[in-house]
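This report considers selected side chains of one protein model. Please keep the sequence and the structure in view while reading.

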Amino acid sequence: EGKTATEILTHYYSGVEIAPVDDSAFLRINIADKIQSVTFTNESLSVLPSVLQIFPGDLAPGVVETSTPAATLSLGGSLTFSILGQALISAISDPATGATTALPQGGIWTIRWSGTTALPGENSLLRMKVGTTTKRYRYGQAQIKLIPGSLTSAAIIVTNTLRLHDEYLRGIGEVPSSWPNAALEAQVIAARTFGLAKKDNLRKICDCNLYSSTQDQNFVGYSKEGEPRYGQFWRAAVDATAVDEGSGLAITINQLPVSVFFSSSSGGMTQRPVDVWGTQIPHLISVPDPWSIDPAVNKNFAKWTKKVSQRVMAKAFGLTD
């Protein structure tokens, strides 16, 4: 309808301003939670040599490490971490010799590759395989951490630490990249604001600021900006909402980012937080959302039916029948 990103956002979030804020912080994103095994490989985006280095410990992001890495993974090689009882074991496969070696014993490791803030360049991807699922990451660094078990076996948590300003936002997969520019920019601004609210809270349960799923925000890594044809539009929306190298547009009140929530569909009217969580949030009032029930705009969820048994409904409301 020709609305700008600011007009879209100020419709859903009342009494706010879209203003620049400092978004230079690093975020730690949980990309694999409490798993038993994970395999990493080094993927090159160009003919230039790509580098993947493995360091012991949890390195500070963006700081160039002066110590020698415990291992360097060549193109075509693989690195597997797995759980054996309460220990984290590793296996590095060398494609040139076919030999397999192990890293020294340790419960925390950091992986860096060409394209990270500590290893400049944009010619390498980190490919991560968990079970039958493979994902690729272009920015930041990865941390592999052993989570000891008590009554159960130990587990592995994998996180991706990267800059909020651009690296994190380029991997947000909340909306199709084929949407109009203003809609994409509105989603970037909302996603940046959501990330800002989480940046100072490192949760022990996930070793992260945010999960990569819709439990927080859907972070899909390189597959977003790497989409054929449309990925460039999402990346352009991220760039369009950046003000300078260390700040970007966010949803604010009194120059401070506010708490934001968003969903795919509302059924025609957004809901008040007091009806969901029992707490009123002044800038989140109920507003009309006619686009959500327009089949031309929202064909999958403008109208739907779900059957629920009387037994389930009775239980939900604490009734005997």
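How many disulfides does the structure hold? The structure, which is a predicted model, holds one disulfide.

## The disulfide

The bond joins cysteine 206 to cysteine 208, and the two sulfur atoms lie 2.0 Å apart. The torsion about the S-S bond of cysteine 206 and cysteine 208 is about -85°, so the disulfide is left-handed.

Are the two cysteines buried or exposed? Cysteine 206 has a relative accessible area of 0% and is therefore buried. Cysteine 208 is likewise buried, with a relative accessible area of 0%.

## Salt bridges

Side chains of opposite charge can pair when their charged atoms come close. In this model the count comes to 15 salt bridges, and several of them are described below.

Lysine 34 and aspartate 33 meet through their side chains in a salt bridge, with an N to O distance of 3.3 Å. Lysine 34 has a relative accessible area of 41%, so this residue counts as partly exposed. Aspartate 33 is also partly exposed, because its relative accessible area is 31%. A further salt bridge is formed by aspartate 275 with arginine 272, where the closest N and O atoms are 3.0 Å apart. Aspartate 275 is partly exposed at a relative accessible area of 46%, and arginine 272 is partly exposed at 38% relative accessibility.

Which residue meets arginine 138 in a salt bridge? The partner is glutamate 225, and the N to O distance is 3.6 Å. Arginine 138 is located in the loop between strand E11 (133–137) and strand E12 (141–147), whereas glutamate 225 belongs to helix H4 (residues 222–225), so the pair ties together parts that are 87 residues apart in sequence. Both arginine 138 and glutamate 225 are buried.

Salt bridges also link Arg28, Asp58, Lys145 and Asp207 in a network.

Threonine 252 is placed in strand E16, which covers residues 247–253. Why is threonine 252 classed as buried? Its relative accessible area is 0%, and a residue is buried when this value is under 20%.

Which residues does threonine 252 touch, if those up to four places away in sequence are not counted? Threonine 252 touches Val16, Glu17, Ala19 and Val21, together with Pro257 and Val258.

Notes: Residues are numbered from 1 along each chain as its sequence is written. This is a predicted model: local features need pLDDT of at least 70, side-chain atom pairs count only at pLDDT 80 or more; totals for chains, interfaces and linings use all residues. Side-chain values use heavy atoms; hydrogens and water are left out. Helices (H or I, at least four residues) and strands (E, at least two) are DSSP runs, numbered from the N terminus. Buried means under 20% relative accessible area, exposed over 50%, partly exposed in between (1.4 Å probe, protein chains only). Contact means heavy atoms within 4.5 Å. A disulfide is a pair of cysteine sulfur atoms within 2.5 Å. A salt bridge is a side-chain nitrogen of Lys or Arg within 4 Å of a carboxyl oxygen of Asp or Glu.
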